[in-house]
Amino acid sequence: MIQKQKIPSLEEALSGTLFGDVGKVKSGKQIVMLDPKDLIEIEDQPFRPYSDEKLKELADDIKGNGQLNPCTVRKKDGRYYVLAGRNRKKACELVGIKAACMVIECDDATAKLILVNSNLNQRQELLPSEKAFAYKMQKEAYEAKGKKKTIAAVAEQNSENIKMIHRYIKLTELPPNLMNMVDEGRIPVTAGVELAYLPDKDMAVISSFLREHKDVQVNLNQVYAIRAISKEDRIEEKKLDEVFYGASVAPEKPEQRKREKKAQGKVKTISLKISDLEDICPSYDFENASGSQIKEYILESLEAFFERDK
């Protein structure tokens, strides 16, 4: 039975300089030299490998200066799986030398957290899709470990606010083609999040339209207009022509809809206990949120729920 371990910090997982063939990092974990061909890369992960050019630069650096940071690998069933350092492993293989590795044993959820956390902390440039699926993987790992308020935990881990984490995770519901357009900058992240609230059939029509009309650069107001159309009728190419080229459909922001509904008649109020809200949505950090933030979160959740059932 594998002994339960705490998640190594970034320093524990990645720091240390090699001393000959075998060394030790501050955490006491032993560094061993392994053949890169014996290291198994985890394919189902949100992070893209280096380009050939960037990988060659890393290989040249390792060849000239040595591998300063060891790979973190998980030993499972007698095999080694790379959790951190996939590109270092490839670079060592390219140079033709053994890879320095810190070997750990852990459960599946901890392995996911090490993989995600090391990449999020170490990489300076991340695509929106990489962030989105990484945050989702973190959330799932925390859930598997039985942690409460997983969204809050992800936000704290990445020094982000809870609302932003919600948005990025929602982004993962986009089909691959639309997600690629977000990565390319053709669709802003905020617009991509709004598109993710549409039914799958509407997103498919939009994806097809944008592939055919490569000159279209999507903005948030256009997406608000598309969502307004989707509430009344199905999305068709003719209506998308009007949104992107004719602008005959006036964009409507959610804030504007709320103000209009409030002006129509007397506003009725109800009170809810925080404990009741926590039972319904334990992932939201109600304890540290302000009253206005909680109100906004509830309204957005209700709006998304009713739109989903249309």
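# Exercises on a Predicted Chain

The chain contains 15 helices and six strands; both are DSSP runs numbered from the N terminus, with helices being H or I of at least four residues and strands being E of at least two. The model is predicted, and local features need pLDDT of at least 70, side-chain atom pairs count only at pLDDT 80 or more, and totals for chains, interfaces and linings use all residues. Residues are numbered from 1 along each chain as its sequence is written, and side-chain values use heavy atoms, with hydrogens and water left out.

## Exercise 1: The chain as a whole

State what percentage of the residues count as buried, and what share of the contacts joins residues 24 or more positions apart.

*Solution.* Step 1: buried means under 20% relative accessible area, exposed over 50%, and partly exposed in between (1.4 Å probe, protein chains only). By this rule, 41% of the 310 residues are buried. Step 2: a contact means heavy atoms within 4.5 Å. Among contacts in the chain with a separation of 6 or more, 69% join residues 24 or more positions apart.

## Exercise 2: Two cysteines

*Solution.* Step 1: a disulfide is a covalent bond between the sulfur atoms of two cysteines. The criterion here is a pair of cysteine sulfur atoms within 2.5 Å. Step 2: a search of the whole structure finds zero disulfides. For Cys71, the nearest cysteine sulfur belongs to Cys101, 4.6 Å away.

## Exercise 3: The nonpolar cores

Identify the residues that touch the most other members of the largest nonpolar core.

*Solution.* Step 1: a nonpolar core is a set of buried Ala, Val, Leu, Ile, Met, Phe, Trp, Tyr and Cys residues joined through side-chain atoms within 4.5 Å. Step 2: the largest core has 46 residues, and Ile187, Ile206, Leu210 and Phe244 touch the most other members. Helix α5 (residues 128–144) contributes the most to this core, six residues. Step 3: a second, separate core of 14 residues includes Cys71 and Cys101.

## Exercise 4: Glu194

Decide whether Glu194 counts as buried or exposed, and find its side-chain polar partner.

*Solution.* Step 1: Glu194 lies in helix α9 (residues 189–195). Step 2: with 14% relative accessibility, Glu194 counts as buried. Step 3: its side chain makes a polar contact with the side chain of Arg227 (2.2 Å). A polar contact is a pair of N or O atoms within 3.5 Å; within protein, one must be able to donate a hydrogen and the other to accept it, and residues adjacent in sequence count only if both atoms are side-chain atoms.
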